[in-house]
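This report describes the packing and the side-chain pairings of one protein model. The sequence and the structure are shown first, and the description follows.

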Amino acid sequence: SVDGTRLAVGGSLQAFGGERRVDLAAVDLATGDFTDWAPVVDTGGDSVSALAVSGGTLYVGGEFNSVNGEARDNIAAIDLATGATLPWNPGADGPVFDLEADGGSVYAAGAFFTIGGESRSGLAEIDATSGMVTGWAPGVVRGDPGFSALAVGSTAVYAVGEDGSPTAFDRGTAAGTGWAPTVDDDGGVG
């Protein structure tokens, strides 16, 4: 994820550029050198899998339980200038695989049943400032929730299920739009 001067990198990192970095690092876009920015994500062996930038904030998703020693369940916000953990803390009961920041909202996709204390089956919209889950709630019923990726358009939120099936939900009402290309057994979209 890029903030204009740096490239934020997430994953299963222990070191980056010869320096200790725990699952997050940043590279200066002009020089290609790593920066001193070094928040610590405690993943317990898993990793950061989603990054989204909005203004001076980096939203982070994955499978973790703290950032910089502060409790955060699978989703957090970090100050891009200082690396400090921000108060934004919706918390998800399962991993977050993708995040998209758009205007005043952060959309999350993952394998969670609840986020911010609200029942959401793998997709949620979260207020970018307060961390409160909005009323946007697609009526997705899944025995095993899971969306691996999403994209936010002007009128719809497009999501890909962990099984590879794409679908879309109205951005205002959260109702299914009917857009659902078929996916064959080989994972191809038809």
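A residue is called buried under 20% relative accessible area, exposed over 50% and partly exposed in between, with a 1.4 Å probe and protein chains only. By this scale Asp-102, at 27% relative accessibility, counts as partly exposed. The model is predicted, so local features need pLDDT of at least 70 and side-chain atom pairs count only at pLDDT 80 or more, whereas totals for chains, interfaces and linings use all residues. Residues are numbered from 1 along each chain as its sequence is written, and side-chain values use heavy atoms, with hydrogens and water left out.

**Salt bridges**

A salt bridge requires a side-chain nitrogen of Lys or Arg within 4 Å of a carboxyl oxygen of Asp or Glu. The whole structure contains 2 salt bridges.

| Pair | Closest N to O |
|---|---|
| Glu-70 and Arg-72 | 3.7 Å |

Arg-171 belongs to the segment after β18 and Asp-102 to strand β11, so their pairing ties together parts that are 69 residues apart in sequence. Strands (E, at least two residues) are DSSP runs, numbered from the N terminus. Arg-171 is partly exposed, at a relative accessible area of 22%.

Arg-72 is placed in the loop between β9 (70-71) and β10. Beyond its neighbours within four places in sequence, Arg-72 has contacts (heavy atoms within 4.5 Å) that include Phe-64, Val-67, Leu-86 and Trp-88.

**Nonpolar cores**

A nonpolar core is a set of buried Ala, Val, Leu, Ile, Met, Phe, Trp, Tyr and Cys residues joined through side-chain atoms within 4.5 Å. The largest such core has 17 residues, of which Tyr-59, Ile-75, Leu-99, Ala-108 and Ile-115 touch the most other members. Two or more residues come from each of β6 (48-54), β10 (75-79), β11 (96-102), β12 (105-110) and β15 (123-127). Another core, of 13 residues, lies apart from it and includes Leu-24 and Trp-37.

**Aromatic pairs**

Rings of Phe, Tyr and Trp (its six-membered ring) pair if their centres lie within 6.5 Å; planes under 30 degrees apart count as stacked, over 60 as edge-to-face and the rest as tilted. The search finds 3 aromatic pairs in the whole structure. Tyr-107 and Trp-136 have ring centres 5.5 Å apart and planes at 90 degrees, so this pair is edge-to-face. Both residues, Tyr-107 and Trp-136, are buried. Tyr-158 and Trp-179 also form an edge-to-face pair, at 5.1 Å centre to centre and 85 degrees between the planes.

Note on methods:
Helix = DSSP H or I, 4+ residues; strand = E, 2+ residues; numbered from the N terminus.
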